[in-house]
Each structure stands twice: as C-alpha cells, then as structure tokens.
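Please view the sequence and the structure first.

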Amino acid sequence: MMGVSITRPSRAEFSAFVRTVEPKLLDALVATYGPVDGREATVDALSWAWENWDRLIDVSNKVGYLYRVGQSATRRFVVRDLRLTGSHAADLHVPDVEPGLVPALGALSDQQRTAVLLVHAFDWSQTEVAALLEVTPSTVREHLRRALERLRGNLEVHDAH
C-alpha cells in the first residue's frame, strides 16, 4: 500500500502565512466566542492549517475557511459566557464601556454579535464580514441593523432627534 504524501509549508512560509491570517482570524473568533474561546479556536484553526496545508493551499478565502474550522473546534469546548471585562477589554482595545453592553452583546445571535464587533470594534468593512460569514453584504447590513436596534432597546438608548 502506498502512503499518502502530505504537503507542508516551510516554517518560514507558514510563519508568514500566520502573520497575514492570524489577526483577522483572531478578531473574528473573539468577536463570535469571546476572548478565551476565540483565542483557543484560533490556535486550533492554525494548528489545523499546519496539519492540512495541502487542503488549505488552494482555498481562496483562507480566513473564512479557518473561521469555520475554529467554529468546529469550539464545539469541543465548554463554551463560556462572552465577557469583555478587566484585562480582556484591554487586550481587545475596548475603552471603558457601558456596563450593560456586554450582556446586551451576549444576547445577540452569533452572527449579529460578530457583525457588530467586527464592524464597530475592529474596523472591518461590511464586505470583509460578508466574506468571512459567507453571506452577502446586504445580509451583513441587515444583521447590523437588527443588532443595533436590539442593543439600543436593551440599553434604553434613544436618538436625541
């Protein structure tokens, strides 16, 4: 029986890949699963990338693909609450926030929370979020509209008009 040849990148090539992909992947997984689970999912996804390089190399949307790998990895975790307090908020470059914001974000659907955090906290474009979530930009706009409406209601924020 012949063995299957596994293609692996050089360490330098993989390090360059990680430098390119990891910031966006980490943003996305932290936005969806919180700082602890998001970081663990990022590590799992990048480990998968190393082990399965030959499967990943031809993928056009590597961040989106690895985001799905990270999502699958979180199914093995005991998922913790989304918490952005103390050092986690500092790690995410979140300034002092309204105390009710974190529970309100936790009440959103995963896609709504991910869209809000990526667009409004991590400065992603709606097009980038759409590519990550594999939806259309108009779907992202709808997630944002519904999420912001729900956040305003939960936080009792009313326009000053």
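At what angle do helix H6 and helix H8 pack?

## Helices H6 and H8

In this predicted model, H6 (residues 110-121) and H8 (residues 137-154) pack at about 95 degrees, and their axes lie 8 Å apart. Because angles of 65 to 115 degrees count this way, H6 is roughly perpendicular to H8. On the H6 side, the contact is made by Gln 111, Gln 112, Ala 115, Val 116, Val 119 and His 120. H8 contributes residues including Val 140, His 143, Leu 144 and Arg 146. The residues of this contact comprise 8 nonpolar, 4 polar and 2 charged.

## Thr 114

Helix H6 also holds Thr 114. Its relative accessibility is 0%, so Thr 114 counts as buried. Leaving aside residues up to four places away in sequence, Thr 114 touches Ala 28, Ala 31, Thr 32, Tyr 67, Leu 132 and Leu 133.

## Aromatic pairs

The count of aromatic pairs comes to 5. In one of them, the ring centres of Phe 14 and Trp 53 are 5.8 Å apart and the planes stand at 75 degrees, so the pair is edge-to-face. Phe 14 lies in helix H1 and Trp 53 in helix H2, so the pair ties together parts 39 residues apart in sequence. Phe 14 is buried at 12% relative accessibility, and Trp 53 is buried at 5%. Phe 14, Phe 17, Trp 50 and Trp 53 form one aromatic cluster.

Trp 48 and Tyr 65 form a tilted pair, with 5.6 Å centre to centre and 40 degrees between the planes. Trp 48 belongs to helix H1 and Tyr 65 to helix H3, so this pair ties together parts 17 residues apart in sequence. Trp 48 is buried, with a relative accessible area of 19%, whereas Tyr 65 is partly exposed at 29%.

Conventions: Residues numbered from 1 in each chain as written. Predicted model: local features only at pLDDT ≥ 70, side-chain atom pairs only at ≥ 80, totals over all residues. Heavy atoms only, no water. Axes fitted to C-alpha atoms, helices over the stretch in contact; angles between N-to-C directions. Helix = DSSP H or I, 4+ residues; strand = E, 2+ residues; numbered from the N terminus. Parallel < 35°, antiparallel > 145°, perpendicular 65-115°, else oblique. Contact = heavy atoms within 4.5 Å. Nonpolar A, V, L, I, M, F, W, Y, C, P; charged D, E, K, R; others polar. Buried < 20%, exposed > 50% of the residue type's maximum accessible area, 1.4 Å probe, protein only. Phe/Tyr/Trp six-rings, centres within 6.5 Å; stacked < 30°, edge-to-face > 60°.
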